[in-house]
Amino acid sequence: MIEETFINHSSVKPVLDYPCGKAPRVGLAREVAPGVLWLRMPLPLALNHINLWAVRDGDGWAAFDSGLQTDETAAAWHTLFGHDGAMENGGLTRLLVTHMHPDHVGMAGWLTRRFDCRLWMTRLEYLTCRVLAADTGREAPRDGINFYRRAGWDDKKLENYRARFGSFGKFVHTLPDSYRRLHDGELLKIGDHEWQVIVGNGHSPEHACFYSAALKLLISGDQVLPRISSNVSVFPTEPDADPMSDWLASLDKLRREVPDDVLVLPSHNEPFHGLHARLDYLARSQHQALDRLCLALAEPRRAVDVFGELFSQPIGSEPNLLSMATGESVAHLNYLLHRNKVAKDVDADGVVWYRMT
């Protein structure tokens, strides 16, 4: 996920409404609708927080997402469920996870074991998480090194990739060996209300959002955020993928299936009104970025050469940001390749150069 200040948007941003005020402090909660709590957990990253949500579910609570596996997150959960904590009565009845990124699923194994409750996820998110966690401590694969070499990384950046590979599982508690699969379109009864599962793609394999018509709420995860552009990347495991097409289709799907009058509960930043305006802006901005990219490819470019067309600030060599920017650049380029708008050539060093057809 890349901060929106880095995204090269030329569209005028819509004015969104943020009716819930400042976020609750870590370990505390704020009610944003009857029986619905806003929680915030710390992240040791430039993006320093994640929002979690808890919904009254009978005598206990159903939680949405879990936070990153850190001592600070564990301490916050202890406070929430402890004496005089916002969730002290009833414990956790189930844990629903929007997708498999570590800040969302990191504490899932810890919470489900502590409360002897089930993990609810879509199939691809659960299985992908299990696969990535199994890579922990493994040597960087040749396919990964070749992927970033083709994108234009030099030897120093590739060596950094080798050193950092296999860190996913360090931030994720071991998942339970079984789970309850979430299906697109199904209705879940949580407490007194029904929530519809809406599955989207692009940011992750099978991302679940949750919509309550009665409460006029949408738990959007990372699929739509008010101030941050969701990272949509190609990864070495599927170098020819077209996640940008999936993500744009998912924006359209959310617009069709969720009315504009909902309060959106995102994983980052603050709850907001203005869903349709935000969805329209994100889609419009993405198409403008693709148009800029087409113009730039009048001259052959590598994936690392088009950052200026996609991002408004220099990316530099910070590993996490460089990896996300490279994955996003390849996602934009693959979108154009799949539509035969650009072609690619491979030079003697195995580096891919893209050009307009």
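What we have here is a predicted model, in which local features need pLDDT of at least 70 and side-chain atom pairs count only at pLDDT 80 or more, while totals for chains, interfaces and linings use all residues. Residues are numbered from 1 along each chain as its sequence is written, and side-chain values use heavy atoms, with hydrogens and water left out.

Let me start with the helix packing. Two packed helices are described by the angle between their axes and the distance between the axes. The axes are lines fitted to C-alpha atoms, for helices over the stretch in contact, with angles running from 0 to 180 degrees between N-to-C directions; helices (H or I, at least four residues) and strands (E, at least two) are DSSP runs, numbered from the N terminus.

The axes of α6 and α10 come within 11 Å and cross at roughly 105°, and α6 and α10 are therefore roughly perpendicular to each other. On the α6 side the contact (heavy atoms within 4.5 Å) is made by Lys-157, Asn-160 and Arg-164, and on the α10 side by Pro-319, Asn-320, Leu-322 and Ser-323. By class, this contact of α6 with α10 has 2 nonpolar, 3 polar and 2 charged residues, where Ala, Val, Leu, Ile, Met, Phe, Trp, Tyr, Cys and Pro count as nonpolar, Asp, Glu, Lys and Arg as charged, and the others, Gly among them, as polar.

Helix α10, residues 319-338, also packs with helix α7, residues 243-257, at an angle of about 90° and with the axes 7 Å apart, which makes α7 roughly perpendicular to α10. Here Pro-243, Met-244, Ser-245 and Leu-248 of α7 meet Ala-331, His-332 and Tyr-335 of α10, and the contact of α7 with α10 has 5 nonpolar, 2 polar and no charged residues.

How many aromatic pairs does a search of the whole structure find? The search finds 11, with rings of Phe, Tyr and Trp (its six-membered ring) pairing if their centres lie within 6.5 Å, and with planes under 30 degrees apart counting as stacked, over 60 as edge-to-face and the rest as tilted. One of them joins Trp-38 and Trp-53, whose ring centres are 6.0 Å apart and whose planes lie at 25°, so the pair is stacked. Trp-38 lies in strand β3 and Trp-53 in strand β4, so the pair ties together parts that are 15 residues apart in sequence. Both Trp-38 and Trp-53 are buried, a term meaning under 20% relative accessible area, with exposed meaning over 50% and partly exposed in between (1.4 Å probe, protein chains only).

The rings of Tyr-126 and Tyr-179 have their centres 4.1 Å apart and their planes at 15°, so this pair is stacked. Tyr-126 is in helix α4 and Tyr-179 in the loop between α6 and β8, so the pair ties together parts that are 53 residues apart in sequence. Tyr-126 and Tyr-179 are both buried.

Methods
Parallel < 35°, antiparallel > 145°, perpendicular 65-115°, else oblique.
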